[in-house]
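Let's take a walk through this protein together, with the structure open beside the text. Keep turning the view as you read, and look for each part as it is named.

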Amino acid sequence: MAKTKEIKTRIKSVQSTHQITNAMNIVSSTKFRRFSIMVENSRPYSEGVTRILSNVVSSTKHLKHPLFDGKENIKKIAVIVMTSDRGLCGSFNSTAIKALEKIRQDNPDKSISVIAVGKKIRDYARKRELDLKAEYIQLIPELMFDKAKEIAENIIEFYNEDIFDEVYMVYSKFYSAVRWEVTTKKMLPIERKESESKVPYIFEPSEEGILDTLIPKTLNIEIYQAILENTASEHAARRQAMQNATDNAEEMIADLTLQYNRERQAAITQEISEIVSGASAI
């Protein structure tokens, strides 16, 4: 009987865990739907702005600009790393941190600074005493665009003041409910690409003025889109992890219930045998 009590206690414990993981799965599913819609709605605008900048930059190849030409000596690199604020989302955060570590390993002779978006990367940077330039945590949708704008303005300012020589961004790009990939993107200096447009541009009042206005807005949109993609990926990862945990709990409850019934039946059979044996002895 002691063993059946132990199994019953385990069943109650697993049932409690099952309720928690199922509730978290429902919450993550709701948040995932919201952010996946936001990603899909904003992606065409983000891609359009980036395409415009590429076309404009391609039309100004004769123009020297510090944000395109880069610097001769690269000594200081900044990395915008995006993770989640909370755990329970599988390997979502560890893959982003691995991407940061790869940049550090590939640049052993350079100074690496971190701009943290999410508690997990902030705590990681603090624990390992990395150069943490800024942190952005607990971003709600209403704040994401403004914070992205702040990050874009800061990295341009720091790049122009030679505090950073290059800037990269690490985030999880969202593809579907079951697919997301950690992406490392070079933000500064901006790469010159071939223009998709064959129509010559007319710049008013000047090429420099257009670029000085367009570049911060483009970086703002790209960082905002990355925050949305990263958040949608986070909730997809957490939903998948909680669904797996819920399925495992259900399987464990079924196995424990079967084991409980067998132990209980064995105990009853033994009691009946003892009663029959006692009656025969009388």
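Predicted model: local features only at pLDDT ≥ 70, side-chain atom pairs only at ≥ 80, totals over all residues.

S1 pairs with S2 through seven bridges, in the parallel sense. To see one place where these two strands face each other, look for Ile77, which stands opposite Ile112 in S2.

Leaving aside its neighbours within four places in sequence, Met82 is in contact with Ala96, Val117, Met169, Val170, Tyr171, Ile223, Ala226, Ile227 and Asn230.

## The sheet

Strands of a sheet pair through backbone hydrogen bonds, and the pairing can be parallel or antiparallel. Here five strands make an open sheet with mixed pairing, in the order S3-S2-S1-S4-S5. Its edge strands are S3 (131–136) and S5, each of which pairs on one side only. From one strand to the next, the twist averages 20 degrees.

Ala116 stands opposite Glu135 in S3.

## Helices against the sheet

Helix H4 (residues 119–127) packs on the sheet, where it touches S1, S2 and S3, and its direction makes about 160 degrees with that of S3. Which residues of H4 are buried? They are Ile121, Arg122, Tyr124 and Ala125. These residues lie on the same side of H4, because they cover an arc of only 165 degrees around the axis. Their packing partners are S1, helix H3 (92–106), S2 and S3. After H4 comes Glu129, with a positive phi near 55 degrees.

Helix H6 lies across S1, S4 and S5, and runs at about 45 degrees to S4. Ser233 is found in this helix, H6. Is Ser233 buried or exposed? Its relative accessibility is 0%, so Ser233 counts as buried. Not counting residues up to four places away in sequence, Ser233 touches Phe92, Ser172, Lys173, Phe174 and Trp180.

Arg264 also has its place in H6, which covers residues 207–281. With a relative accessible area of 45%, Arg264 is partly exposed. If you pick out Val167 as well, you will find that Arg264 and Val167 are 97 residues apart in sequence and 65 Å apart in space, C-alpha to C-alpha.

## One side of H5

Helix H5 has 20 residues and reaches 30 Å from its first C-alpha to its last, close to the 28 Å expected at 1.5 Å a residue. The buried residues in H5 are Pro141, Met144, Ala148, Ile151, Ala152, Ile155, Ile156 and Tyr159. Why are they on the same side of H5? They cover an arc of only 125 degrees around the axis, and that puts them on the same side. An α-helix has 3.6 residues a turn, so residues three or four places apart point the same way.

## The nonpolar cores

The largest nonpolar core has 43 residues, and those that touch the most other members are Ile80, Met82, Ile155, Leu188, Ile215 and Ile223. H6 provides the largest share, eleven residues. There is also a second, separate core of 17 residues, including Val79, Ala96, Ile97 and Ile112.

## Turning points in the backbone

Some backbone angles deserve a look as well. Leu88 is found in the loop between S1 and H3, and its phi is positive, near 60 degrees, in a residue other than glycine. Leu88 counts as exposed, at 54% relative accessibility. In the loop between S3 and H5 you will find Gln138, which is not a glycine either, yet has a positive phi of about 50 degrees. Gln138 is exposed, with a relative accessible area of 52%. Just after H5, Asp162 takes a positive phi of about 65 degrees.

Finally, visit the loop between S5 and H6, where Pro189 is found. The peptide bond from Leu188 to Pro189 is cis, and its omega is near -5 degrees.

Methods. Residues numbered from 1 in each chain as written. Heavy atoms only, no water. Helix = DSSP H or I, 4+ residues; strand = E, 2+ residues; numbered from the N terminus. Buried < 20%, exposed > 50% of the residue type's maximum accessible area, 1.4 Å probe, protein only. Core = buried A, V, L, I, M, F, W, Y, C linked by side-chain atoms within 4.5 Å. Contact = heavy atoms within 4.5 Å. Expected span 1.5 Å × (residues − 1). Arc of directions from axis to C-beta. Pairing = 2+ DSSP bridges. Axes fitted to C-alpha atoms, helices over the stretch in contact; angles between N-to-C directions.
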